[in-house]
Amino acid sequence: MLSIKRVPTVVSNYQSEEEEESGCGRNCLGKCCLLGAKLPLYTFGKMKGGKDLNHEEIEAQGFFLDTLLLGEWEDRMRRGLFRYDVTACETKVIPGEYGFIAQLNEGRHLKKRPTEFRVDRVLQPFDENKFNFTKVGQEEVLFRFEESEDVGACFFQSARMEPTNAPSVVAINVSPIEYGHVLLIPRILECLPQRIDRESFLLALYMAAEAGNPYFRLGYNSLGAFATINHLHFQAYYLAVPFPVEKAPTQKISSVKGISKNEVKIYQLMNYPVRGLIFEGGDALEDLADAVSNACICLQNNNIPYNVLISDSGKRIFLFPQCYAEKQALGEVSPELLDTQVNPAVWEISGHMVLKRKKDYEEASDDNACRLLAEVSLTEERFQEVKAYIFEAIAAHGEVEDKPVLEDGDKVEARGSKPSNAILPGKEECVVLQ
Ligand SMILES: [Zn+2]
């Protein structure tokens, strides 16, 4: 049940009636302007059901995605905040085995915010002098998205930011690749670098769950896997067709038993040009978030670039370790592929090919898409190696009282041959200037 609060909320004794002039004058998302600002706030509750509230209640179905997120996104489009009109971009389904979706997006290439750092490491410290989301104007924010332990799912049209808040915001991507393209920026004022942690990943799962529509997916690109801003963010957009990767056959290879009754199941993609893992199940989103974020943390710590797709309203997570940028740096990618200037990030890997040249759009084919994705995928040998480290990281995680037990399926490679704390060789030689 969702409640809409239509009046500005008094959430703190610090709140004063008069508007005081403050900030740097740019109405930005930094501390200078955000503290004291009034923004819409959507809260979600981990406890479903909620309490009987005194203010007006409306049916939650469709509100978060249709009314709030897409409604506000369209409002920003009317206000001319995007760098181009993505709804005018041509899109088609490429005939063939996989049903790749091709989009011609000439504007993104030319008008994108430039990448301001060298992507040679998956983990890099936050640099306040580089572009980051605290420099964005508040008009790009659609709403704050935060957990509430007391009110549950609730929307406040205007909630004042207090010094004690740790705001997570949903903002437009000014260089959209699809309808409703937004960014989820967890705890924006903490200026976290692009790296997954359990809490932030869980927040992204909750956003997918609140949207409650399988055509609204979230994605994550690590540094070295075509993230272009080193400030923690997830992307999301709405596209009303299944992604090819969502239709690909899978095989169960393992499962994680923790304190939950329902284990988190791990599958492997079969017959898809990029090798990847799929995580599903668990009693609650927390179980799934724990398993996937442990896997991501393992990849980060071992300097392996990766992409994540949050699918099926947060119930199905795809994880793709990748090596395209590394091959690019080593001069191993063909000139034909490089000429397309397509950066294979989470959307391309999932089968939504965002093409920058009309020629590539017109000549788009199953074969061409597969050729690109084949360069993204780890080799079978390397994938087995990386998978073994991921499984070790998940199984070794002793955060819950009963240590998770990894049950090997028949396809899992023997893990006994590797020392438990082995570190994969870091790829320090991998330097990509984007
Ligand atoms: Zn400011």
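Tutor: A residue is buried if 20 or more other C-beta atoms lie within 10 Å of its own. Keep that cut-off in mind. This is a predicted model.

Student: What percentage of the residues in the chain is buried?

Tutor: Of the 434 residues in the chain, 43% are buried.

Student: What share of the contacts with a separation of 6 or more joins residues 24 or more positions apart?

Tutor: That share is 75%.

Student: Let us take one helix. How do I read its side chains?

Tutor: Start with the turn. An α-helix has 3.6 residues a turn, so residues three or four places apart point the same way. Now find α2, residues 63-78. Its buried residues include Phe-64, Leu-68, Leu-69, Leu-70 and Trp-73.

Student: Where does helix α2 bend?

Tutor: At Gly-71, by about 30°. Then look just after α2. There Gly-80 takes a positive phi of about 75°.

Student: Is Ile-101 buried or exposed, and why?

Tutor: Count its neighbours. Ile-101 has 23 other C-beta atoms within 10 Å, so it is buried.

Student: Which residues is Ile-101 in contact with, leaving aside neighbours within four places in sequence?

Tutor: Ile-101 is in contact with Thr-91, Val-93, Val-241, Gly-351, His-352 and Met-353.

Key
Residues are numbered from 1 along each chain as its sequence is written. This is a predicted model: local features need pLDDT of at least 70, side-chain atom pairs count only at pLDDT 80 or more; totals for chains, interfaces and linings use all residues. A residue is buried if 20 or more other C-beta atoms lie within 10 Å of its own, exposed if 12 or fewer, and partly exposed in between; C-beta atoms are placed from the backbone. Two residues are in contact if their C-beta atoms, placed from the backbone, lie within 7 Å. The bend at a residue is the angle between axes fitted to the seven residues ending there and the seven starting there. Helices (H or I, at least four residues) and strands (E, at least two) are DSSP runs, numbered from the N terminus.
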